[in-house]
Amino acid sequence: MEDYKFLFKIVLIGNAGVGKTCLVRRFTQGLFPPGQGATIGVDFMIKTVDVDGDKVKLQIWDTAGQERFRSITQSYYRSAHALILVYDVTSRESFDCLPEWLKEIEQYANQQVITVLVGNKIDLTSQREVPPETGLQFAQANNMAFLEASAKEAENVETVFMDLARELTKNARKYLLRNTETVDPNITEITGETTNISYGGCCGSG
Amino acid sequence: MADELPSEFDAIVLGTGMAESILAAALARCGQKVLHLDRNDYYSGGWATFNWDGLQRWITRQTHPAVQAMNEAEGTKPVECSKLEEGESALSVPQQANTISNLEMFTYVREKAEEPPPEEKEAQEVVTDKEEGQTSGAEEIQQQIHTTEDSEQATGLGESPADATPEELAKETESDDKSDDRCDEKKEDSPEEKKQQEKQDGLEEEKQDSQEKGTLESPAPASSVVQQEKVQEKSEPPKKMEPKKWSMDDIHKEWRRFNIDLSPKMLFGRGSLVELLITSNISRYCEFKAVSRILTLLNGQLEQVPCSRADVFSSKFVTVLEKRMLMKFLTFCVEYEQHPEEYQGWEEKPFSEYLQSRQLTPNLQHFIFHAIAMATRDATTLEGLKSTQRFLRSLGRYGNTPFLWPLYGPGELPQCFCRMCAVFAGIYCLRRAARELIIDKDSNKCKGIVCTEGQRISCRWMVMQGSYVPHMCRKPDPPVGSVSRGIFFTDRSLKASENEQITLLSIPPVEGSNFPVRAVELGNGASACPKGMFVVHLTSQGTGSAKADLQPAAEKLFQPLDGEDADTESDRPKVLWCVYFNQLDTTDCDPSSLYTGLPENIVVTSGPGVDLGYEQAVQQARSLFEQMCPGEEFLPAAPNPEDIIYEDDDGYKSGEAPSSSDNSEENGNDSEWKPDQEKLDEGVAGASNEVSQDAAGEGAQGGDEGLPQGGGEEVPQGGEGTGDAEAAAKDTQEAEM
């Protein structure tokens, strides 16, 4: 029997090739596939984690390649509780596209969605094109949490998802307290404070 | 993005409407390599749903003179193409859908909330009729859009309108105080959530209200007690909530809260689309709300139609005698084929006369003919019985009406199929289409396309929505029909009720017309518009311009549209803004009557058409699929992500485990939808009523890893799965607060 207290839908976005699928696979399977094949037939991945004694199930959705030609379906964003916006620190272009992604989020995602910005591939130190401060500044200007990570070295990957799980759980619990009577299945009310989540391990740790 | 597309596919699909998207998903699902293109920068083509900005852009595009001119000049002879090889010719593909005509837009409120009350309601005709000059109409419309943008900027952030009521001012200041939208949202949502929980009770009450009211207006004797209630009820709405006075500025500011549908269709609870969503597991991508009430216009009043057994029994609107008659007749309709003697000789005769012959009272005839069968004036008995049966069979599966409404609008549905196609390696590219089709002269087969970026891409099959068919292959004067559409923003509901409703209403054909007008009313709860506003969609078979077809119905529902001040006495909705247009309808046409000389490996799909449901699109996609992939299963259940088997070595293999598919199909049907149904029944169907999440709870034994390592082969039994799904539904609810 499945036993969990909360279920959250987390959605990854960002340019093609920034390592979204690798982040998901590293987190859910502990793998870093060298030759990244297409993820045929895989809709989302699941990982159940423990947050202060509660089992929390994370449903992590990947773009199914639709980001390659800027053609992500709106419904992909619709019921996400959290978004992970990923860029590649070795690709300035992937960073420069972030405003376009924010525009999509603004249009289609729930207004209370939590967004976290992740700069991936920090293991490729010599090829870095986007300094940590630049990422941090952008995140702060847009009310997002920020982390740099490496799917290859498993650096900060766990942190990204676990911080998100904690934040989502915290908000869900708060909601439970406030509304003790009946449960409303409307999209989670992940409230006001979500705009300024402070994450434990910030950019410098990379 | 300058990314090159792969150059070889099994099938290229042009257009992301319903039928094309279902077909694309089905092809990808059985291993075909699919390229799916759309020349628009949005999904769903003629089935799209837009926010306010998107709708304005769409309107501008439809009326842009350059586009119109291009369309007329385009594609009258074979084109030169540098990408051709020996023995090939090229056909140019239209770069703009030519499916919309007679678009007219009207604004009935001020641009800004600044003028003092007397000037309040000025009606501006923004677009002239097509006949009066397409060009000037288009210019005006653009101007209109520009002006409004300017004025929005001019108003700036949080400048309080001079004449705003104290409440409005207070509200504005409040929201300005908040640093961002999220706080605002939270604040606004709380009362509604409570309301939604009370919905069940509210529904009951409301039903009774309307029934009591009905008793009065029907010929049945009325008691004085009921009369008093009526008086109370009448005086209530204005006291309860004065409708907000909207300006265009308000609408512009709330652009993102609109979801406005080009084709406001509904799903029959037991219709083919619902079945397909379930069996294919595509239901995990979409969310629905139950259509909560069906109204009918009887003697100038809007009345709630008793459709379910319980409704009929509890209805005070129909007399005891009528109840018996209605029950008996509806029970017969559910399986009318079993009792041919009941309608022998009537099959091809008018349904209206048949109903008379059954000695049903005029009220009951009205209900059955207009509200349940939603029949055209000249419908035959067989047609009438069939539609009545379809309605009744879908009743109760997901609520007290037969219909479901897709949250965020029907434009989401084609995208769900696109997602499934993409998950199975389909490649998606909006804003790009075929510029030319490459035809092999000898075999008259389509070998591929040259896309708008100049790249040559080959394929074995071409699927295209009708508006992509080269002009060279179209017959002159095809026997096409049209759909007349009207979209109205209003300041209150057609029929006030305690809880917000999703309403379907069929307005009987007016004098001299054969076709009923269908109205769908949506509010904030359906994600259609900001709070306090309603969107009413009118749809009918087109006989002339949309405005001419729909205005008589609009006049019955709304305050006069002639631009006079709002009637403060009237409790009818005031129209704030509206647009009319005609959509080309080829759903009833045989392809051979529309196209000629089309290569045999090109298949063509229709647009939305006038029907309320999705049957036509599903049937079309299915039969085209059978033609293209004979013997293959049409959209089998996609593996549940939790049943996927991972392999330790080179990455992993995707779960093609046949057992998992079988399983999901087995326990997919009811277990997945039951939780959904429960929620819908509670009337709390909300934003994340997601089948996918329910399904996700099903049968997983993942523990901390969340992955059924190897154990995934041993799929949970059907029964177990069902139990889990129920439990999971509760958990999901918890998680979703």
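**Reading helix packing and burial**

Guide: Welcome! Let's start with a result: helices α10(B) and α16(B) are roughly parallel to each other. On this scale, angles under 35 degrees count as roughly parallel, over 145 as roughly antiparallel, 65 to 115 as roughly perpendicular and the rest as oblique. This is a predicted model, in which local features need pLDDT of at least 70 and side-chain atom pairs count only at pLDDT 80 or more, while totals for chains, interfaces and linings use all residues. Residues are numbered from 1 along each chain as its sequence is written, chains are lettered from A and ligands numbered from 1 in the order in which they are written, and side-chain values use heavy atoms, without hydrogens and water.

Visitor: At what angle do α10(B) and α16(B) pack, and how far apart are their axes?

Guide: Axes are lines fitted to C-alpha atoms, for helices over the stretch in contact, and angles run from 0 to 180 degrees between N-to-C directions. Helices themselves are DSSP runs (H or I, at least four residues), numbered from the N terminus; strands are E runs of at least two. Here α10(B), residues 272-280, packs on α16(B) at about 25°, with the axes 12 Å apart.

Visitor: Which residues of α10(B) and α16(B) meet?

Guide: Contact means heavy atoms within 4.5 Å. L273(B), L276(B), L277(B) and S280(B) of α10(B) meet L413(B), F417(B) and M420(B) of α16(B). An α-helix has 3.6 residues a turn, so residues three or four places apart point the same way.

Visitor: How does α1(B) pack against α16(B)?

Guide: Helix α1 of chain B (residues 18-29) and helix α16 (residues 412-423) pack at about 20°, their axes 8 Å apart. That makes α1(B) roughly parallel to α16(B). Among the residues making the contact are A24(B) and A28(B) of α1(B), with F417(B) and C421(B) of α16(B). The contact residues divide into eleven nonpolar, one polar and no charged. (Ala, Val, Leu, Ile, Met, Phe, Trp, Tyr, Cys and Pro count as nonpolar, Asp, Glu, Lys and Arg as charged, the others, Gly among them, as polar.)

Visitor: Turning to chain A, how much of it is buried?

Guide: Buried means under 20% relative accessible area, exposed over 50%, partly exposed in between (1.4 Å probe, protein chains only). Of the 206 residues of chain A, 65% are buried. Helix α1(A), residues 20-29, is mostly covered, with ten of its ten residues buried; K20(A), R25(A) and R26(A) are among them.

Visitor: What follows α1(A)?

Guide: G30(A), with a positive phi near 70°.
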